[in-house]
Amino acid sequence: MHLLVISVGNKLSPWENDGINYYLKQIKNYINIDFINIKSQQNPKRSKSEVIKLETELILKKIPQNSFVISWDMKGESISSENLSQLFRSSMQKNIKICFVIGGSFGLGTEIFKSSNKVFSASDFTFPHRLFRIILIEQIYRALSIIKNTPYHK
C-alpha cells in the first residue's frame with residue numbers, strides 16, 4: 001500500500017521529525033509513505049481568501065491522478081480508528097493509492113473538497129498543523145496494527 005501526505009506548513013522542527021520518524025519506523029515494513037510539504041502562503045499583504053486560493057492551487061498540482069483523496073477538516077465526517085483500518089484494508093485489496101491532504105492554518109479551499117473522495121474530521125478540537133501530522137501518522141500506525149491484529153490498539 002502506498003500513502004501520500006500533502007500538508008501546508010513550514011519546515012518540520014526536530015520534535016516533529018522525531019515524532020513522525022518514531023511511527024514511520026513501526027510501519028516501514030507494511031506500507032510506503034511519501035510526504036509533500038507545501039510552504040504556507042501567509043503574508044501580511046494577502047487576505048485569508050488569497051492565501052487559501054494560492055495554497056489550494058499548489059495542493060491540487062501535487063495530488064496524483066487516480067488516487068483516493070482524503071482531506072482533513074473540522075467540518076468533515078468523524079471517523080474511528082477501526083473505520084480507518086477498514087478503509088485501509090479495502091485500499092490494500094484493491095491496490096488503491098491514498099492521498100491525505102492537510103491544509104494550512106486557514107483551512108482548505110472548496111476546490112480541494114470537490115476533488116476529495118472523503119473529508120474527515122479527527123476531532124471537534126482544533127489541532128495545530130504541526131501536531132496533526134504526527135496524529136495522522138500515529139492513526140495510520142494504529143489502523144495497520146488493527147489490520148495486523150497486533151497489541152498496539154487495545
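**Strands and their partners**

Guide: S3 and S5 run parallel, joined by 5 bridges; strands pair if DSSP finds at least two bridges between them, and strands (E, at least two residues) and helices (H or I, at least four) are DSSP runs numbered from the N terminus. This is a predicted model, where local features need pLDDT of at least 70, side-chain atom pairs count only at pLDDT 80 or more, and totals for chains, interfaces and linings use all residues. Residues are numbered from 1 along each chain as its sequence is written, and side-chain values use heavy atoms, with hydrogens and water left out.

Visitor: What stands opposite Lys-118 in S5?
Guide: Ile-70 does.

Visitor: And what's the strand order in the open sheet?
Guide: S2-S1-S4-S3-S5, 5 strands with parallel pairing. The edges are S2 (32–38) and S5 (118–121), each pairing on one side only.

Visitor: Which residue is the bridge partner of Phe-68 in S4?
Guide: Ile-98. S3 (residues 68–78) and S4 pair in the parallel sense over 5 bridges. S1 (residues 2–8) also pairs with S4 in the parallel sense, over 5 bridges, and Leu-4 stands opposite Cys-99 there.

Visitor: Why is S4 largely enclosed?
Guide: Because 5 of the 5 residues of S4 (residues 98–102) are buried, meaning under 20% relative accessible area with a 1.4 Å probe, protein chains only. Ile-98, Phe-100 and Ile-102 cover one side, Cys-99 and Val-101 the other.

Visitor: New topic: which helix goes with S3 and S4 in the β-α-β unit?
Guide: H3 (residues 81–94), and the unit is right-handed: with the strands pointing away from the viewer, the path from the first strand over the helix to the second runs clockwise.

Key. Buried means under 20% relative accessible area, exposed over 50%, partly exposed in between (1.4 Å probe, protein chains only).
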